[in-house]
Amino acid sequence: MISDAFIPAVSSLGAVALALGLIIHYVSKRFHVEEDPTVKLVNSILPGVNCGACGFPSCNQFAEVLVETRNNAMTCPVGGPDLAVKLGETLGMAMAEPKAQTAVVLCQGKNDVARRSAQYLGIQDCWAATQAFAGPKQCRYSCIGLGSCIAWCDFGAMRLENGLIVIDKNLCTGCAACIPVCPTGVLVMQDKKAARYFIACNSHDRGAATKKACDAGCTACQKCVKVCEDNAIVIEDFLARIIQEKCTACGKCIEVCPTKVNCIRLERDLNAVKQAS
Amino acid sequence: MPLPAELSIPLSQHLGKPAKPVVRMNDEVKKGQLVGEADGFISANVHASTSGKVRAIRPHPHPGGQYAMTVFITPDGKDEWAEGLNSAPVDWKGMSKEEILKKIRDAGVVGMGGAGFPTNVKLSPPPDKKIDTIILNGAECEPFLTADHRLMVESPEAVVAGLEIMASLFPGTLKLAIGIEANKPDAIDALQQYAVPKKIEVLALKTKYPQGAEKQLINAITGRNVGEGELPFDRGCIVQNIGTAVAVYDAVCRNRPLIERVVTVSGMEIARQKNISARIGTSFSDIIAFCGGMSEKTNQVISGGPMMGKAIFSLDVPVVKTTSGILFINNSALGKSRERACIRCGRCVEVCPQGLAPWLLANVAQLRQLEKIQLLGLANCTECGSCTYVCPSGRELVHWIKYAKALVSSRKQRKSA
């Protein structure tokens, strides 16, 4: 009984499998594509996170285009200068070094500094919160503090600390994937520098309104503008901005800043310091 | 209610582009004077709701949840009308179509049910669409709200006249109907007196939510289905709110711009629940003071109804043309906890008036699959909130759907930019 059903089943399936196998074999020979081994090699050097910072959707595509065009201006911000050297060695040409950048939060509105407007109980996501109202903090330009950007960071460089996004500078590779995700636009990219001064505030409210909402807000008091000898600070729409190209990092602005929590921040990018020395 | 110490009149009280301010700081304005001019086709005029001085024009919290450009007026206490406004009732029958539409546009009349669509635009459908039915929505959009109910009982004459004015804009004989939920017999009686001689049907509808939603109302009265992506005029219908009809009457016959509206003040936590006729720009805190204050247990103040309204984040927000109600509630008794997993009970599918599967929409929204969610009929959701209300797992279904809508539209904007 069993063998009656068994033999035709096995043999017919086997025949089908054999026929398909032969077709696959023929197709793979007939339509074989010769792949450049250098693409594979380049691909193995790349970080392999497919973050999209280079402008291509994947590392593999970056490698393909790079090998094909030999364009030495193409850079991988994540790999940094080290990778540029390695790529240059592999391809036998001088590669441009990427600008070392890092993401920066233009807000210091932690829960103990920024006053809150209302308690938000809805979906814990910044975009969802902005559908309901202007944000749980009184300042509507602030970091909403629900961490929608964290999921977009491929490098685990972002975390939520007391209602504010904090970026780990050592982990941030400058891929800029987080920038378009923020509904209030408090995330920006900055070039790494040995000493980088910037205004960590995003509030375009008038001074009085800013002060009422947050202890760390820039009130556009003009003090830093007056003290700056390099004319590197400008006030635009009730918010100071430090022009990075002009700033010589003398640090005088931080001394005169009258806000309770300095709205001017100094950050040192260790990698950049290493290169300078 | 008494004149408040300050009025804050947002320039965006309607769907479409905000109005352009036409006054400047320290200007003297009269009651009913234009302060914001319609900027573009889908936009509406905004008027001063009392006489006084413009103190400032700057962004201010809006009941919609965001900040909007707002004209602050310090009243001078005289409450003087601008010239030519607030005239004795005139007969509209001699007026031409264009004249009537211009008057409605000048008066800044918008849909007062909640969406705030400029009425003159709604009344000028594309010429290839034939309108055969005009419906007045007396179904009261949401529970708690009774503003339209009061209006129907107190000024049925104006309601009927408003409907007649709107009907005169279209050629041929139209079916005119006023749909009222059956739990308002006094409103039905009051309207019937005026409506029946004018061949206007007053229909008692089953009391249920969302009976007052445009698409549901059309279906209940004409049996027609307004499909996905269609507007009422694709099915020959125009639906207007009761408040809008009165505003149209005021605009056409009495030269009064829309500077006042009936607001339902309700909820367990306010001392005196009532319907008040509030000037546009009256802040919520002034209304609270007028209604005897809110209790300390209040933990949500909602602008609009309990289903679709928005919890406001500041008591400084003003009454706008679309503020149908203000609710003061303490929802801690509801024991709102975090969202739990969907148990596939199907209740949200059962209650969805649009025949969607809210649980699926919410799941797909959570995964941010924006292409797929559009295929599931995202645009068809009217955000009535029935699904969130019945969900035994406490899922924020509507909020997820709104979230997806926002992401879809922001992506479209980015693409077109």
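Two residues are taken to be in contact if their C-beta atoms, placed from the backbone, lie within 7 Å. On this basis, in the predicted model described here, the contact between the two chains takes 12 residues from chain A and 14 residues from chain B. The side of chain A that touches chain B is made up, by class, of eight nonpolar, three polar and one charged residues.

Within chain A, the domain assignment gives domain 1, covering residues 37-91, and domain 2, covering residues 101-276. The C-alpha centres of domain 1 of chain A and domain 2 of chain A are 32 Å apart, and the contact joining them involves six residues of domain 1 of chain A and seven residues of domain 2 of chain A. On the side of domain 1 of chain A that touches domain 2 of chain A, five residues are nonpolar and one is polar, with no charged residues present.

For chain B the domain assignment gives three domains, of which domain 1 is formed by two segments, 7-85 and 257-331, while domain 2 covers 100-254 and domain 3 covers 347-416. The centres of domain 1 of chain B and domain 2 of chain B, taken over C-alpha atoms, are separated by 23 Å, and 29 residues of domain 1 of chain B are in contact with 26 residues of domain 2 of chain B. To the side of domain 1 of chain B that touches domain 2 of chain B, at least two residues each are supplied by β5 (46-47), β12 (260-266) and β16 (325-329) of chain B, and the largest share, five residues, comes from β12(B). By class, that side of domain 1 of chain B divides into 13 nonpolar, 14 polar and two charged residues.

Two helices of chain B, α3 (residues 147-154) and α5 (residues 185-195), pack at an angle of about 40° with their axes 8 Å apart, and the crossing of α3(B) and α5(B) is left-handed. In this contact B:H149, B:M152 and B:V153 of α3(B) meet B:D186, B:A187, B:A190 and B:L191 of α5(B), a set of residues that divides into five nonpolar, one polar and one charged.

One of these residues, B:L191, is also touched by B:V160, which is placed in helix α4 (residues 156-167) of chain B. When residues up to four places away in sequence are not counted, the contacts of B:V160 are with B:L191, B:Y194, B:A195, B:K198 and B:I200. Because 25 other C-beta atoms lie within 10 Å of that of B:V160, this residue is classed as buried, the cut-off being 20 or more.

Helix α7(B) is mostly covered, with 12 of its 13 residues buried; among them are B:I242, B:V246, B:Y249, B:D250 and B:C253. The residue that follows α7(B) is B:N255, whose phi is positive, near 55°.

Conventions:
Residues are numbered from 1 along each chain as its sequence is written. Chains are lettered from A and ligands numbered from 1 in the order in which they are written. This is a predicted model: local features need pLDDT of at least 70, side-chain atom pairs count only at pLDDT 80 or more; totals for chains, interfaces and linings use all residues. Domain bounds come from an automatic or database domain assignment. Ala, Val, Leu, Ile, Met, Phe, Trp, Tyr, Cys and Pro count as nonpolar, Asp, Glu, Lys and Arg as charged, and the others, Gly among them, as polar. Helices (H or I, at least four residues) and strands (E, at least two) are DSSP runs, numbered from the N terminus. Axes are lines fitted to C-alpha atoms, for helices over the stretch in contact, and angles run from 0 to 180 degrees between N-to-C directions. A crossing is left-handed if the near helix is turned anticlockwise from the far one by less than a right angle, and right-handed if clockwise.
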